[in-house]
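Reader: I have a structure to look at, and I would like to know what lies behind the words used for it. Please set each word against its rule.

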Amino acid sequence: ERVTAPPGTSLEFIVCDGRGGEVRIPQGGQAEILPMRLDDGGYFQWSCNGEQGRTRAKKGTNCVVGFLDARRGEIIWHFSQAAMGPERAPAQAALRIGAQAVLPVFD
């Protein structure tokens, strides 16, 4: 997808995650937006150098990865649906350590 800035221009690209947060995509870099909440029409909002835009995602998308190529003035989107595991009951999540057990310590 082409952005409005001409190729070679410095870009400030910000994606709204649909939950009130923002994720910045660095020039020549990438960022993952997870979990992504789309609006009722299946779009997510973004801004490039202060100019607002939106992109329609594939159905079922809850994860978006954006690659920003500032030299070409374009953003490449990859859409996916990340599966979330079921929540476990607290009794299953407990960690039991035997008496006199030795555990490694990490800083």
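Reader: What makes β3 and strand β6 a pair, and in which direction do they run?

Author: Four bridges join β3 to β6 (residues 63-69), and the two run antiparallel. Two strands pair if DSSP finds at least two bridges between them, so four bridges meet the rule. Strands themselves are DSSP runs (E, at least two residues), as helices are (H or I, at least four), numbered from the N terminus. Within this pair, Gln-30 stands opposite Phe-67 in β6.

Reader: Where does the model come from, and how are residues numbered?

Author: It is a predicted model, in which local features need pLDDT of at least 70 and side-chain atom pairs count only at pLDDT 80 or more, while totals for chains, interfaces and linings use all residues. Residues are numbered from 1 along each chain as its sequence is written, and side-chain values use heavy atoms, with hydrogens and water left out.

Reader: Why are β3 and β7 called edge strands?

Author: The open sheet has three strands in the order β3-β6-β7, with antiparallel pairing. Both β3 (30-33) and β7 pair on one side only, and this makes them the edge strands. From one strand to the next, the twist averages 20 degrees. For such angles, axes are lines fitted to C-alpha atoms (for helices over the stretch in contact), and the angles run from 0 to 180 degrees between N-to-C directions.

Reader: How do you know that Arg-24 and Glu-12 form a salt bridge?

Author: Their closest N and O atoms are 2.6 Å apart. A salt bridge is a side-chain nitrogen of Lys or Arg within 4 Å of a carboxyl oxygen of Asp or Glu, so the pair at 2.6 Å qualifies. The structure holds two salt bridges.

Reader: What makes Arg-24 exposed and Glu-12 partly exposed?

Author: Buried means under 20% relative accessible area, exposed over 50%, and partly exposed in between (1.4 Å probe, protein chains only). Arg-24 has 51%, so Arg-24 is exposed. Glu-12 has 41%, so Glu-12 counts as partly exposed.

Reader: Why is the contact between Glu-74 and Arg-72 called both a polar contact and a salt bridge?

Author: A polar contact is a pair of N or O atoms within 3.5 Å; within protein, one must be able to donate a hydrogen and the other to accept it, and residues adjacent in sequence count only if both atoms are side-chain atoms. The polar contact joins the two side chains at 3.4 Å. Their salt bridge is also given as 3.4 Å, N to O.

Reader: Why is Thr-61 called buried, and what is in contact with Thr-61?

Author: Thr-61 has a relative accessible area of 9%, so Thr-61 is buried. Its place is in the loop between β5 (51-56) and β6. Leaving aside neighbours within four places in sequence, Thr-61 is in contact (heavy atoms within 4.5 Å) with Met-36, Leu-38, Phe-79 and Ser-80.

Reader: Where is confidence lowest, and where highest?

Author: By pLDDT, the predictor's confidence in each residue from 0 to 100, helix α1 (residues 90-93) is lowest, at a mean of 55, and β2 is highest, at 94. Where pLDDT is low, the predicted coordinates should not be read in detail.
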